[in-house]
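I'll jot down the strands, the sheets and a single residue as I go.

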Amino acid sequence: QVYTPIDGLASNDVTSVAVDNQFVWFGTRYNGVSRYDKVNNTWQTFTKADGLTNNDVTAIAVGTDSVWIGSWDGAARYDKTTGSIEAYRIAETQPGNFINDIALDENLVWFATYDGVRRYDKRANTWQGYTTNDGLAHNQVCSIGADKNYIWFGAPDGLVSRYDTQNNLFNVFVTSANQPENRVNSIAIGTNSVWFATNKGITQYDKPDNLWKTFTAQDGLAGNYVKAAAIDNDTIWAGGKDGVSKYTPLTPWQTYTTSDGLSDNEVTSLDIDNEIIWFGTVKGGLSQYNKTSKSFRSFTTKDGLLNNYVKAVAKDTAYIWSATGDGISRYERIGGSFQNFRYDVELLPYGGRGLELHSSIIDTEHISLINTGKFDSEVEVEFGLNKTEERQQKAFGRLLRNKNVVRVLFLD
């Protein structure tokens, strides 16, 4: 089954997915945020016209009572109970309002920006900013990870900042190399360690022993560029441009490539699903590794996947969600079949060129999409007389709301 703009899907180019029971939130580019309700099979889209600070959405974080939406011009908070949206311009400078990442830590909300870190205290309803003047390693912050009494921040030059929430103190650490291109792409936090995926390898921080160690291709890692990392009990999985690697203490790195059954060596994302590890790839679709049988299985367009470029993958109790280069694919665990959600680009001028669905996230109540449209003028599309007037108006309204981008989504 294919879903078009009439049904509410904002864009085909999806980059990330996260699941939380009944709802799935998706991030896209240029057209705001959309939300999908799995139980009622309904969609809802939010843009600047609904209260967002800007339609260029860059990050989403889902909490128990609210959803935080970041953009290049501030943040917005969606109240799950009332359905209202409150906008915040979180800094005086434009770089300080460009949000790269969002993390939730009980009553605190953290925002990574191009001009330091911003923190919102929900109880006191107050904002506070942190820069290099306060001990932050770098004012450009790429990623955030919350770990009990500590908040971790990754920078574009391999530097890592750790903020002690109890003592209000920053510590600065160096990963593999303090180089301009050594971006900290993601942070994975476990019970005894924190892992930092970078352009120059993957770095482990041992919390009990307060020790740092960086692993590269020379140590057995598949390649030095690591895009995604996830912790599976005492095992770390790392995926990048040269395949997938896993590491367990006291054992050497083990690498998997296409010669071992991986569908494609360039891995974009991964998710731990009990005995199954799911990998999204650039050209090979979706790859599944079974830890029990130690074997791979691949899913491509031949199996019903919408597109072989999988930007993000996420699980829920019944489905595996894939954000692809041409829409969203949902794999049913029991039936073993795909159901696809697609934006009908034939309804758009220029064949929909310039549209990109960038990220998504799944919440207990909704699925949201973040979208963008690179058109400089309003677009009017005739959807046919067989549709109700109400549904025509909803679809038309979505096409008028341009320049909404979501790049990163997070679940609390």
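Strand β3 (residues 29-37) pairs with strand β4 (residues 42-46) in the antiparallel sense, over five bridges. I checked the terms: two strands pair if DSSP finds at least two bridges between them, and strands are DSSP runs (E, at least two residues) numbered from the N terminus. Opposite D37 I found T42 in β4. Four residues sit between β3 and β4 in this hairpin, and N41 in the turn has a positive phi of about 55°.

A note on what I'm looking at: this is a predicted model, where local features need pLDDT of at least 70 and side-chain atom pairs count only at pLDDT 80 or more, while totals for chains, interfaces and linings use all residues. Residues are numbered from 1 along each chain as its sequence is written, and side-chain values use heavy atoms, with hydrogens and water left out.

Next, a sheet. I traced four strands in the order β21-β22-β23-β24, an open sheet with antiparallel pairing. The edges are β21 (226-232) and β24 (254-256); each has a single partner strand, so one side of each is left without a neighbour in the sheet. From one strand to the next the twist averages 20° (axes are lines fitted to C-alpha atoms, and angles run from 0 to 180 degrees between N-to-C directions). Between β21 and strand β22 (residues 235-240) I noted six bridges, and the two run antiparallel. A229 has A238 in β22 as its bridge partner.

Then I stopped at one residue, T268, which lies in strand β25 (residues 267-273). Is T268 buried or exposed? T268 is buried, with a relative accessible area of 15%; buried means under 20%, exposed over 50% and partly exposed in between, with a 1.4 Å probe and protein chains only. Leaving aside neighbours within four places in sequence, T268 is in contact (heavy atoms within 4.5 Å) with residues including K227, A228, Y309 and V310.

Last entry, another open sheet: four strands in the order β29-β30-β31-β32, with antiparallel pairing. Here β29 (310-315) and β32 (338-341) stand at the edges with a single partner strand each. Strand β31 (residues 327-332) is joined to β32 by four bridges, and S329 has N340 in β32 as its bridge partner.
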